[in-house]
Amino acid sequence: MPLSDLLRLADIALSGHAGPDLPEEILRAVVEETGSRAGVLKRGDEAVARWPRTVSAQVEEATEGWSEIPFGSDGGHWCLRLLQLDRLDEAALDSTRIGLRAWQLREELKRSRFDERFHLWELEAIRSIATGIGGILETDALAEELISHLVALLGVRSAHLYLGTSPDSAEIVGGFGPARLEKGDIEAAWQQGIYTDDLVALPLQTDGGTLGILVASDKEARAGTEPFAANDVRLLELFAVQVTVAMEYVRLTRESLERERLKRELEMAAVIQSHLHPEQFPDLEGFRLAVRSSSSRQVAGDTYDVLIRDNALVATVTDVSGKGVGAGMIAAGVHAGVRLMARGSRDLSEVAGRINSYLAGATADNRFATFAMVSIDPEGEVRAVNAGHLPVLIRRADGSIEELTSSGLPLGILDAASYSESVSRLEPGDLVVLFTDGLTEAEDADEEEFGVERVAEVVAALAEPTAEKLCDAILEAVEAHTGGGALQDDATLLVVERLPE
Amino acid sequence: MNEERIKISQDLLSDGVGLIAAAGYINNEGGQAIADAANALMGQGSKTLLIDLDGTRIINSIGVSILLEILEKLMDEKGQLAFCNLTPTISKTFEIMGLVQYASVYPDRETALAAIAGDASV
């Protein structure tokens, strides 16, 4: 090949349109021009081109008579090897060097441009993950998005995301390629991570503990695979941080949604409970009622009811131990029991016994309810049953107070508990007062409770009392006692007034 | 997400356009399979290649560098390269890695072939 052809190749190399086959073209030209039998172009130990192509590494190794011509800025790094070189004048050598050096520079330029763009790609992927997976609440979808970015950027053959609460419970929630982490290695990956040439497994750590493991394996090279480099591990760590943040976001969002759902359910329970109370009191000539009820939570453990049975007025107040939904459910059970059983039995002690028996079998050991029930017929005969409840007060027209005290254990404690009725009489102008311990246990600044005695004092002291006035007077006195502070417990106050004739 | 092995089909269309459909992970193996298909089509005289990536969701850096080499080779031959059916992520990757600077991108195969036919007739 004439020298002009070598110069043409150098020109092509410099012009920037050289394809990947250019080294071979140059090598072929050099081999022919120099009358050599074969040539190999090397970068370090790697053969970039061989001519003829049949000159394999083995052939190269097994033959003698190679001449070496180093070129490039780093001396021996690049090298042209020619077999049984016949002739090589300085001009041909120079043009060969120029061509190869131009090609080499172009390759380096291409590689550095590729590396620069690859870093942009890394940044874009991290940005995309940070902005994209923040809005994904399904773990599977999140894992898929993350893994696809990870596989692309790291150039790995497999990657998997494990999630769990412990190494034993860790399971793959998303992945690509065959899972390479052995079952026996999960513990080590979970505790301190695994860093080997062909597999890196990182624990996803938060302040609250480890959430899972991110695993990548078999980093690809142009041919086959290569060991993970420090940069790959750094990138994988960045992914691990991103996925940890995303998983925390998912957890917090789910918790927030759950709280919202519970709040709605509580609101619904409160509405249902409020409908259990009579919207308006049944009419019994000669009697008037008033009620005040407040709850410390959305769902109360207090309940009250008023109904007419056999022309008699039946009023009940129930206070379930504890507060909140559990207490409210038991209160609703007692309410239903009173409604159903009071209509079927005239004997209040029997009603209390049946409800007790039902509750004893249906509630947890530490749950019980106190309960007071009075029935008043049109002539003023009062029958009362009191299951572990505060005394029921009767205020006489002359201001004196009579107490109907407890006649048995609270409901739900002992299946075999029995109750007895007490009997009294309500004259015109008399009032019956039923209340729960939310009122009597209201404390002042010195933690002194309001107490039954103060209730009785207020009831006794009120001049010309009516049901409404008595309710207001008691609540005002409690408020004065607490200094206006909110009641700490559910509180109910129910007053029946026999109108003066 | 176990699209490990790439599925490749190649076809020389009547107007000389070489069509390569590649579905799967474009890594060193997948990229080489596309390069082999491209070389075969170029060997049959095709100077315009359309690579349809319907079914491909992940391409790694080695895959990108092989596609860049196919692009270089086509440009040496004064040919052109086009892609269609790219996922938004791959589309963004091609943009960042400089592939779309010299290659065309179309939403689907039909649009791509119509556009290529339009270019040829001008």
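Author: Let's start with a pair of strands in chain A: β5 (residues 156–163) and β9 (residues 209–219) run antiparallel and are joined by seven bridges. Strands here are DSSP runs of E with at least two residues, helices are runs of H or I with at least four residues, and both are numbered from the N terminus. Two strands count as paired if DSSP finds at least two bridges between them. One bridge to look for puts Ser158(A) together with Ser217(A) of β9(A).

Before going on, a word on what you're looking at: this is a predicted model, where local features need pLDDT of at least 70 and side-chain atom pairs count only at pLDDT 80 or more, while totals for chains, interfaces and linings use all residues. Residues are numbered from 1 along each chain as its sequence is written, and chains are lettered from A and ligands numbered from 1 in the order in which they are written.

Now the other side of β9(A). Strand β8 (residues 199–206) of chain A is joined to β9(A) by eight bridges, again antiparallel. Here Leu202(A) stands opposite Leu214(A) of β9(A). With two residues between them, β8(A) and β9(A) make a hairpin. As a general point, strands of a sheet pair through backbone hydrogen bonds, either parallel or antiparallel.

How covered is β9(A)? Nine of the 11 residues in this strand are buried. Buried means that 20 or more other C-beta atoms lie within 10 Å of the residue's own; 12 or fewer makes it exposed, anything in between partly exposed, and the C-beta atoms are placed from the backbone.

Two residues are in contact if their C-beta atoms, placed from the backbone, lie within 7 Å.

The axes of α8 (residues 324–342) and α9 (residues 348–362) of chain A come within 10 Å and cross at roughly 145°. On the α8(A) side, the contact includes Gly333(A), Val334(A) and Gly337(A), and on the α9(A) side it includes Val351(A), Arg354(A) and Ile355(A). By class, the contact residues are nine nonpolar, two polar and one charged. In this sorting, Ala, Val, Leu, Ile, Met, Phe, Trp, Tyr, Cys and Pro are nonpolar, Asp, Glu, Lys and Arg are charged, and the others, Gly among them, are polar.

Ala360(A) also sits in α9(A). It is 52 residues from Gly412(A) in sequence, yet their C-alpha atoms are 3.8 Å apart in space. Ala360(A) counts as partly exposed because 18 other C-beta atoms lie within 10 Å.

Where does the sheet's chain stand overall? Chain A has 12 helices and 19 strands, and buried residues make up 39% of its 501 residues. Among contacts in chain A between residues at least 6 apart in sequence, 65% join residues at least 24 apart.

Finally, the neighbouring chain: 21 residues of chain B are in contact with 22 residues of chain A. On the chain B side, α2 (61–76) and α3 (88–96) each supply at least two residues, and α2(B) gives the most, with seven. That side of chain B has six nonpolar, eight polar and seven charged residues.

Terms used
Axes are lines fitted to C-alpha atoms, for helices over the stretch in contact, and angles run from 0 to 180 degrees between N-to-C directions.
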